[in-house]
Amino acid sequence: MAATTVIAAGSVVRGHLTGQEDLLLQGRVEGSVALQGNLDIEVDARADATIEAVTVRIQGTVVGRVVAREGIELSASARVRADLVAPRLVIAEGALFAGAIDMSGAPVARPVFTAPAPVQPVATASPTGQPSLALGDDDDDPALPGGVDAKNIAFKKKK
Amino acid sequence: MAITHIGSTLVIEGEISGSDAVVVQGRVKGSIETSQGVVIENSAHVEANLTLDTLEVAGDVKGNVTAASRVEIKPEGKMVGDIKAPRILIADGAHFKGNIDMDVGR
């Protein structure tokens, strides 16, 4: 009971809405919704909003943008004009949809940024306190990466 | 009867309006306007102007209230603001600071 918010059919909420619980929308929301829970938009409900939630189930009308950490489901009665971002997406037959879909998600971008991080500790660990090596690292000497690669291969072979 | 229920972890910055009863356990900053009753529960913090039929305060309210019929501040309720309502109840133990106007012409 305490973990679910209900916006009933006769109610309109305008503004910013945040929370750590599930939200059942039967009325209207205009603005933004950010939840660490699930959002359920019922048949006669309408959201003109930027939405962030764990899962979003849409049976009503949504205009704006929907970002779900786990998944978005558009039921047959859904009327959606929005950009959808989620790793999983279901669009049922009968649903009306216009907008962009991105299912690639954020996890793809993160390894690209985290990948250079382990390389640097290896490069700084290899020089035995020699300043010339540190300078070479900054200048991108072709000789250095080769040496680093050779060490990595050597470690892998030992294991 | 339809009830709009704002759960305990929810924070709304903006306005709630409509024709449903409203129960607040979380936080509302802005305004609440309804033709039905509003209940501000123990865990709730409301910083808003309220226009409604009846109001029950068991939580924390800062703002002005205009009620068509009745305002009740429960023993655990805290309220700072002006109240305009034909009937007002303040229970023993309740905190209140503000002006009261019962001359609403009913």
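This is a predicted model: local features need pLDDT of at least 70, side-chain atom pairs count only at pLDDT 80 or more; totals for chains, interfaces and linings use all residues.
Strands here are DSSP runs of E that span at least two residues, and helices are runs of H or I that span at least four, both numbered from the N terminus.

As for overall dimensions, the C-alpha atoms of chain B fill a box of roughly 35 × 30 × 25 Å along the principal axes. The radius of gyration of chain B is 12 Å, which agrees with the value near 13 Å that a compact globule of 106 residues would have. Of those 106 residues in chain B, 41% are buried. If we take the contacts in chain B between residues at least 6 apart in sequence, 1% join residues at least 24 apart.

Now to the contact between the two chains, which takes 22 residues from chain A and 22 residues from chain B. On the side of chain A that touches chain B, the elements giving two or more residues are strand S1 (4-7) and strand S2 (11-19) of chain A, and S2(A) gives the most, with nine residues. By residue type, that side of chain A divides into nine nonpolar, 11 polar and two charged residues.

How do S2(A) and strand S2 of chain B pair, in the parallel or the antiparallel sense? S2(A) and strand S2 (residues 11-18) of chain B pair in the antiparallel sense, over eight bridges, and A:Arg14 stands opposite B:Glu15 in S2(B).

Note on methods
Residues are numbered from 1 along each chain as its sequence is written. Chains are lettered from A and ligands numbered from 1 in the order in which they are written. Two residues are in contact if their C-beta atoms, placed from the backbone, lie within 7 Å. Ala, Val, Leu, Ile, Met, Phe, Trp, Tyr, Cys and Pro count as nonpolar, Asp, Glu, Lys and Arg as charged, and the others, Gly among them, as polar. Two strands pair if DSSP finds at least two bridges between them. The radius of gyration is taken over C-alpha atoms; the globule rule is 2.2 Å times the number of residues to the power 0.38. A residue is buried if 20 or more other C-beta atoms lie within 10 Å of its own, exposed if 12 or fewer, and partly exposed in between; C-beta atoms are placed from the backbone.
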